[in-house]
Amino acid sequence: MKFLRSGALLAPLLLTLISCGIEDYIFLSPIPAGNITVEEVNSKATIRLPSIGDYYFSHFIIYYRIYISNKDVPSINDGSLSTISATLQQDYNAFLPFVNSESNNASASMSNLFTNRKYQTLALEDADIERDVLSDNAIGKTIILDFIKTADSLPPALVIDDTRYVLRRNGTGLLLPAGDPRFFNSDVLNTTVPTETTNVDVANITGTDTSGTRYTYVALYIVLAGTDPNFSPLYSAPTFVGILHLPDQS
């Protein structure tokens, strides 16, 4: 998969201290783009989580949004996004300046950047993803986002330390996923029209031709999160993970 990642390698992690009378500031460096690989025809992402010594870091967050399309695009790159979905292209373009940024000026508003574009955070079926699985205990480990279609229809999962956690779509308050909350390309998922309270994590099919088979894709970004000395949320710039195919539900 070939995407623009030119700004993903930023300054070293830990505190960035500026002298000569300029106010000190805290900086969480994003995961380098080189730590991420996507394979199995855009059905599996491997992320090597960096070693982090920052006192203010607490956990990793993975943001996602699902896009419905009537186009089957096996090999996804930055030139094929609009073919999948005009909304996907718009969202990708909106995040790109932050992914490529060499500063952390948007740190405090990073969460709003994603939620304003109706991105949600990944959840797990039998564990708390941020407190347990992707907490500071995950530093230096490798995680796999496995969306590979299997003969026995295993649901997409996050794999860490050889443990497989079933992925679930997330929702806050009334912003709930309709039907099966797992990441399957189900009839309920790809035909239920998103509203402000249901399937808010889904972008409906775009264009004038909405006929034919419906495919679903998920775009993913990962950020570092923590708390600054004033107990305000602290985020790194996002790193683009990739766009994966959701397997059909048998």
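Is serine 58 buried, exposed or partly exposed? I looked it up in this model, which is predicted. Serine 58 is partly exposed, with a relative accessible area of 30%. That value lies between the 20% cut-off for buried and the 50% cut-off for exposed, so the middle class applies.

**Entry: around serine 58**

I placed serine 58 in strand β3. I then listed its contacts, leaving aside neighbours within four places in sequence. Serine 58 is in contact with Ser135, Asp136, Ala225 and Gly226. Its side chain also makes a polar contact of 2.7 Å with the side chain of histidine 59. Serine 58 and threonine 227 are 169 residues apart along the chain, yet their C-alpha atoms are separated by 7.5 Å.

**Entry: the whole chain**

I stepped back to the overall figures. The protein chain has 250 residues, and 50% of them count as buried. I found five helices and 12 strands. The accessible surface comes to about 11600 Å², with 49% of it belonging to carbon and sulfur atoms. I also looked at contact range. Among contacts between residues at least 6 apart in sequence, 69% join residues at least 24 apart.

**Entry: the cores**

Which residues touch the most other members of the largest nonpolar core? They are Phe60, Leu134, Leu145 and Leu158, in a core of 39 residues. The elements giving two or more residues to this core are β2 (44–48), β3 (57–69), α4 (129–133), β6 (142–146), β7 (157–160), β10 (215–227) and β12 (239–245). The largest share, six residues, comes from β3.

I followed up phenylalanine 60. A second, separate core has 25 residues, including Tyr63, Phe114, Ala203 and Val223.

**Entry: the six-strand sheet**

I traced an open sheet of six strands. Its order is β1-β2-β6-β7-β8-β5, with antiparallel pairing. β1 (36–39) and β5 (123–124) stand at the edges. Each has a single partner strand, so one side of each is left without a neighbour in the sheet. Further in, β6 and β7 pair in the antiparallel sense over four bridges. Aspartate 146 stands opposite alanine 157 in β7.

**Entry: helix α2**

Does the length of α2 agree or disagree with its residue count? At 1.5 Å a residue, the 14 residues (86–99) should span 20 Å. The end C-alpha atoms are 20 Å apart, which agrees.

I noted the cap next. A side-chain oxygen of serine 85 lies 3.1 Å from the backbone nitrogen of threonine 87, capping the N-terminal end of α2. Thr87 is itself buried, as are Leu88, Gln89, Asp91, Tyr92, Phe95, Leu96 and Val99. What covers the buried residues of α2 includes β3, α1 (81–84), α3 (110–115), β9, β10 and β12.

**Entry: asparagine 199**

Where is asparagine 199? I found asparagine 199 in the loop between α5 (187–191) and β9 (202–203). Asparagine 199 is buried, with a relative accessible area of 0%. Its side chain has a polar contact of 2.9 Å with the side chain of arginine 169.

Technical notes
Residues numbered from 1 in each chain as written. Predicted model: local features only at pLDDT ≥ 70, side-chain atom pairs only at ≥ 80, totals over all residues. Heavy atoms only, no water. Core = buried A, V, L, I, M, F, W, Y, C linked by side-chain atoms within 4.5 Å. Buried < 20%, exposed > 50% of the residue type's maximum accessible area, 1.4 Å probe, protein only. Contact = heavy atoms within 4.5 Å. Areas by Shrake-Rupley, 256 points an atom, 1.4 Å probe, with all protein chains shown as cover. Pairing = 2+ DSSP bridges. Polar contact = N/O pair within 3.5 Å; in protein donor to acceptor, adjacent residues only side chain to side chain. Expected span 1.5 Å × (residues − 1).
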